[in-house]
Amino acid sequence: MTQLSRRDFTHGTLGSLLTFSLLETLFEADAFAADVKPITAKWLTDLHQIGLDVRGKKLKQVEWQAKTEELFKQVNLPDLLKFIDFEKLSKNVQFRDQGEKSMRPKFPEVEGLPTKLVFGHQVFALQKDRSVVPHGHDNMATAFLILQGDFHGRHYDRLEDHKDHFIVKPTIDDKFTVGGCSTVSDHKDNVHWFKATSETGFIFNIHVLNIVEGKRSGRIYMDPNGEKIAGGKIRARKIGASEAYKLYG
Ligand SMILES: [Fe+2]
């Protein structure tokens with residue numbers, strides 16, 4: 001062997017070793033993704049599409065709610081839990097004394113799943129008797145899916161906005177357990193309140209903001225234990241976030 005070809009040989013071998021190691025890493029990563037790829041990635045992509053449709057006015061907000069609930073009811077929960085690595089996420093959670101702890105698990109990059117989704121997502125973790133406090137939404141379409149535990153879930157239609165109060169009407173008042181879901185929009189069930197009734201509870205949330213462009217998106221807080229008025233309606237005092245957490249968190 002000449003000096004030159006020996007050097008070539010060494011480089012060649014080192015190159016192959018690097019390639020092999022890289023391939024091995026890729027294979028392992030892919031083996032994980034392949035496990036969960038088809039089901040949850042497709043499910044999230046469908047949620048992405050109807051999110052685009054509601055923003056693009058191809059879907060009415062109440063139609064988005066119906067379609068989202070349909071998709072949520074079809075979820076493969078073990079697969080979704082694997083997708084967000086729920087085991088790791090739910091281990092050693094720093095629960096909050098009031099209200100929910102919000103966590104944002106990163107979705108794995110999976111072929112076919114857009115990297116920039118139209119909806120934001122988070123997982124709420126709560127201890128027993130703690131609540132996602134009663135609140136309404138402006139210019140948002142959101143959905144809850146119970147991942148673990150039991151909840152007392154309530155929704156209200158937000159019928160009127162006044163200077164210091166809202167007129168609301170109860171629409172849902174039910175027990176929610178694993179796989180249970182509900183949705184919110186400006187047009188239906190706009191206010192929700194979820195109280196954990198098991199030792200701990202976890203909720204998967206998605207939210208599409210800026211349904212109408214140029215309008216603010218966000219939460220508004222209220223006290224739904226207000227004066228009962230005609231037609232099963234309630235006068236719910238407008239409150240700030242801190243009072244909402246103090247009263248109901
Ligand atoms: Fe909400």
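Where is the place of D85 in this chain? D85 sits in the loop between helix 3 (77-83) and helix 4 (86-89). Helices here are DSSP runs of H or I with at least four residues, strands are runs of E with at least two, and both are numbered from the N terminus.

Good morning, colleagues. The structure is a predicted model, in which local features need pLDDT of at least 70, side-chain atom pairs count only at pLDDT 80 or more, and totals for chains, interfaces and linings use all residues. Residues are numbered from 1 along each chain as its sequence is written.

Let me begin with the overall composition. The protein chain holds five helices and eleven strands. Of its 249 residues, 30% count as buried. A residue is buried if 20 or more other C-beta atoms lie within 10 Å of its own, exposed if 12 or fewer, and partly exposed in between, with C-beta atoms placed from the backbone. Among contacts between residues at least 6 apart in sequence, 76% join residues at least 24 apart. A contact requires the C-beta atoms of two residues, placed from the backbone, to lie within 7 Å.

I turn to the barrel. Six strands form a closed barrel in the order 3-8-5-6-11-10, with antiparallel pairing. Two strands pair if DSSP finds at least two bridges between them. On average, neighbouring strands of this sheet are turned by 40° against each other, direction ignored. Helix 5 (residues 241-248) packs on the sheet and touches strand 3 (131-138), strand 8, strand 10 (218-229) and strand 11 (233-239). The direction of helix 5 makes about 145° with that of strand 3. For such angles, axes are lines fitted to C-alpha atoms, for helices over the stretch in contact, and values run from 0 to 180 degrees between N-to-C directions.

Strand 5 (residues 151-161) pairs with strand 8 (residues 191-196) in the antiparallel sense over six bridges, and G153 has F194 in strand 8 as its bridge partner. Strand 6 (residues 165-176) pairs with strand 11, again antiparallel, over four bridges; there, V168 has I234 as its bridge partner. Strand 10 and strand 11 are joined in the antiparallel sense over six bridges, with I239 as the bridge partner of Y221. The hairpin of strand 10 and strand 11 has three residues between the strands, and G231 takes a positive phi near 75° in that hairpin.

T197 counts as partly exposed because it has 17 C-beta neighbours inside 10 Å. The C-alpha atoms of T197 and F151 are separated by 5.1 Å, although these residues are 46 apart along the chain. Leaving aside residues up to four places away in sequence, T197 touches K128, D150, F151 and H152.

Next, the nonpolar core. A nonpolar core is a set of buried Ala, Val, Leu, Ile, Met, Phe, Trp, Tyr and Cys residues joined through C-beta atoms within 7 Å. The largest has 48 residues, and V54, V123, F124, A141, L145, L147 and I203 are those with the most contacts inside it. Strand 4 (residues 141-148) gives the most to this core, with six residues. L145 touches F72, V75, C181, I203 and F204, residues up to four places away in sequence not being counted.

Which residues of helix 2 are buried? They are Q61, W64, Q65, T68 and F72. They cover an arc of only 100° around the axis, so they lie on the same side of helix 2; the arc is that of the directions from the helix axis to the C-beta atoms. On the other side of helix 2, E70 and K73 are exposed. Q61 counts as buried because it has 20 C-beta neighbours inside 10 Å. Q61 touches V54, A141, S185, D186, H187 and I211, not counting residues up to four places away in sequence. The C-alpha atoms of Q61 and A141, 80 residues apart along the chain, are separated by 7.3 Å.

Finally, two loop residues. D85 has a phi near 50°, a positive value in a residue other than glycine, and counts as partly exposed with 16 C-beta neighbours inside 10 Å. N139, in the loop between strand 3 and strand 4, has a phi near 55°, also positive in a residue other than glycine. N139 is partly exposed, with 17 other C-beta atoms within 10 Å.
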